[in-house]
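Subject: Structure handover

Hello,

Here is the structure for you to look over. My notes on pockets and helix packing follow it.

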Amino acid sequence: MNPLLYTDGYKVDHRRQYPDNTSLVYSNWTPRKSRVANIDQVVFFGLQYFIKKYILEDFQKNFFEQPKDQIVAQYARRINNYLGPNAVGTQHIADLHDLGYIPMVIKALPEGVSVPIRVPMFTMYNTKAEFFWLTNYFETLLSATVWMPCNSATIAKKYRQILDQYAEETASDLAFVDWQGHDFSMRGMAGLEAATMSSAGHLLSFTGTDTIPTIDFLEHYYNANSDHELVGGSVAATEHSVMCMGTNLGELETFKRLVTDVYPHGIVSIVSDTWDLWKVLTEYLPALKNEILARDGKVVIRPDSGDPVDIICGNPNGTTAIEKKGVIESLWETFGGTINEKGYKELDAHIGAIYGDSITLERATQICERLKQKGFASTNVVLGIGSFTYQYNTRDTFGFAMKATYGEVEGVGREIFKDPITDDGTKKSAKGLIKIVKQNGTYALIDQVSWEEEKQGEMKEVFRDGQLLIDWSLQEIRTRLKQF
């Protein structure tokens, strides 16, 4: 498809709605509001993917390299069928095709940094006067592409902060946190692109993912190399169909076959609540204790239903002793472990647990806190973070918007802004040209600056006139995320 059709319908005729002789439109992308408790900064991530995928790949292949007559006819057919009689025209489409590149400057902060609410992450403006209409024409595609990786990277960073905090307080192996948040979201995301973009955001803070395509995504768009660095990984794991095929009368045999024959060494994760989690904990695992302890590797028990906090940590109001103990205490009673220098219990290295259903930031905190209160290190459990976390969000989660704040008519500048009287202040925009500076280590906005001042500050040109100027790597972004 012609990528100039990747837009909202109302965009196609804005070119004629601007004042006559408009020569420049300057816009920015900003998170305007946080709807997530205790998050007031948003991780910037995903713009490089947008530039490479859409501006450099799609426009080159599906626009500039296609015959102009075909492109123009396709555009005219779609708009005429869509709008009916209209005067949108096609000469501006033909002119862009003749030019042969996207005449735009994109300036941005470094990907991976955390940006305060109401501080722009990047700006865009046209470099040729006749293509002033192109700046905000990109708004729809940019918005649809960039908000999700920013959201997921931000939420993943919050998980990381929680898990790091509790590991610092209770655990001996802080590096284990790299694996403690595991991306389980792919099947619940809104398509393959959403799944890969979101998981890429997750992998800025963790190394565990079941979304295999995101590794190729990061290699292609973010210069990762899985031959030389750990981009993302996982372990062998079962699902309910595997356990069901063993029948509920033969589940002990299924467990034994898995840990001794199919996976005699290494890590294997076994879904354990197909029928009766409590029987697995009190009967099957004690029966297989010697085999599990003799393995060169870890058997990971995976509950998959119920209240995650109570299942992992124990339900004080449970009706049985095992329900009151929960998974971690039960595994400790069977397999034992060590008490680390901080005074907290860590399970024997041959056994562990993962919970991957309905995990939230609040539940992650509760699980860690209740384990701590019971004397267990937080790293005794891995949390599978799914689509309830990563898909249950929108562009409005952090109030993202791309808005024009400056324009030129016949080369004369105009500061523009929006400030709806009926709004609570969320939609109030910056005014004029902008500059981002650092104040006490935090990014801050200065608006209404001159062009000379605009060229200074923390934003750098990452794209100009068809050329990518800065090409970040996954490793650089991961390092930067830890610093900001």
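First, the residue classes: Ala, Val, Leu, Ile, Met, Phe, Trp, Tyr, Cys and Pro count as nonpolar, Asp, Glu, Lys and Arg as charged, and the others, Gly among them, as polar. By those classes, the largest pocket is lined by 18 nonpolar, 17 polar and 11 charged residues. A pocket is an open set of points on a 1 Å grid over the protein atoms alone where a 1.4 Å probe fits, with protein on both sides within 12 Å along at least five of seven lines; lining residues have an atom within 4 Å of a point.

The model is predicted: local features need pLDDT of at least 70, side-chain atom pairs count only at pLDDT 80 or more, and totals for chains, interfaces and linings use all residues. Numbering runs from 1 along each chain as its sequence is written, and side-chain values use heavy atoms, without hydrogens or water.

The largest pocket holds about 1200 Å³, a volume being the space filled by probe spheres set on the points. Nearest its centre lie His-182, Phe-184, Ser-269, Ile-354 and Val-382. Strand S13 (351-355) gives the largest share of the lining, four residues. Strands (E, at least two residues) and helices (H or I, at least four) are DSSP runs, numbered from the N terminus.

The second largest pocket holds about 240 Å³. Its lining has 13 residues: eight nonpolar, three polar and two charged.

Regards
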